[in-house]
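Please read them with the structure open.

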Amino acid sequence: MMARDPAPDTSDYRKDETRLWLGVLDVHSFVYPELNRQLKERTGISVSKFDVLAQLERYPDGLSMGELSARLKVSNGNVSGLVNRLRKDKLVDRSMSAGDRRSFVAVLTPEGRQRFEEAAAVHAKVLAKCFSHLDADSLAETIAMLKSIIKKPSGKAPTDHA
C-alpha cells in the first residue's frame, strides 16, 4: 500500500486522523468488554491479570517488576498491585532477584500456568468470534496497517504529545 502524501494543513486530513483514532477506540470498545467479561466469568481472571500471566508464560525464568512493567506498558505500581493480587490467587510467585537485591522477579506457579492455559483458550475463542467476519486477507491487511501506524520512518513511535 502506498502512503498518501499527508497534507497536515487540510481540514479533511485532520478529520481522517480523528476518524482513525475513533475507529481504534471503537474496536477496543467492541472487543475489550466482551473479552474481559468472558475471561472473568469462565476463568476468574481479568484481561489485566491475563496480560501479566501471558508475559510470565513467555519467560519461564520470570521477569523483574521493571521488565514486566515495560512489557505491559504500565507503571511499576500497577504491576506490583497486579502481581500481589495474583500472588494471593496463588497464580504467581515472587522472589528477590539474584542479580539485583533491590528487585523482585515474578514467575508463574504451576496453578498459574494451568489457569493461564484455560484463559488463553477463552481468549482465543472470544477473539475468533469478534473477528469472525474478517477473512484472512482482511485480517492480515488490518494488522499490517496498524503496524504501519506505529512505525515512523525513524523506526520509533511518536513521542510528541502536542
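1. Arg14 and Glu17 lie 3 residues apart in helix H1, so about one helical turn separates them. Helices here are DSSP runs (H or I, at least four residues), numbered from the N terminus. The side chains of Arg14 and Glu17 form a salt bridge, at 2.4 Å from N to O. A salt bridge is a side-chain nitrogen of Lys or Arg within 4 Å of a carboxyl oxygen of Asp or Glu. The whole structure has 5 salt bridges.

2. The model is predicted: local features need pLDDT of at least 70 and side-chain atom pairs pLDDT 80 or more, while totals for chains, interfaces and linings use all residues. Residues are numbered from 1 along each chain as its sequence is written, and side-chain values use heavy atoms, without hydrogens and water.

3. Leu20, Trp21, Leu22, Val24, Leu25, Met145, Leu146, Ile149 and Ile150 make a nonpolar surface patch of about 790 Å². Patch residues have over 30% relative accessible area and no salt bridge, with nonpolar side chains (Val, Leu, Ile, Met, Phe, Trp, Tyr) joined within 5 Å; accessible areas come from the Shrake-Rupley method with a 1.4 Å probe. Helices H1 (11-43) and H6 (136-150) each give two or more residues. H1 supplies the largest share, 5 residues, and Leu22 is found in H1.

4. Helix H2 (residues 47-58) packs on helix H3 (residues 65-72) at about 115 degrees, with axes 11 Å apart. Axes are lines fitted to C-alpha atoms over the stretch in contact, and angles run from 0 to 180 degrees between N-to-C directions. Asp51, Val52, Gln55 and Leu56 of H2 meet Leu68, Arg71 and Leu72 of H3, contact meaning heavy atoms within 4.5 Å.

Terms used. Patch = residues over 30% accessible without salt bridge, like charges linked within 9 Å, V, L, I, M, F, W, Y side chains within 5 Å.
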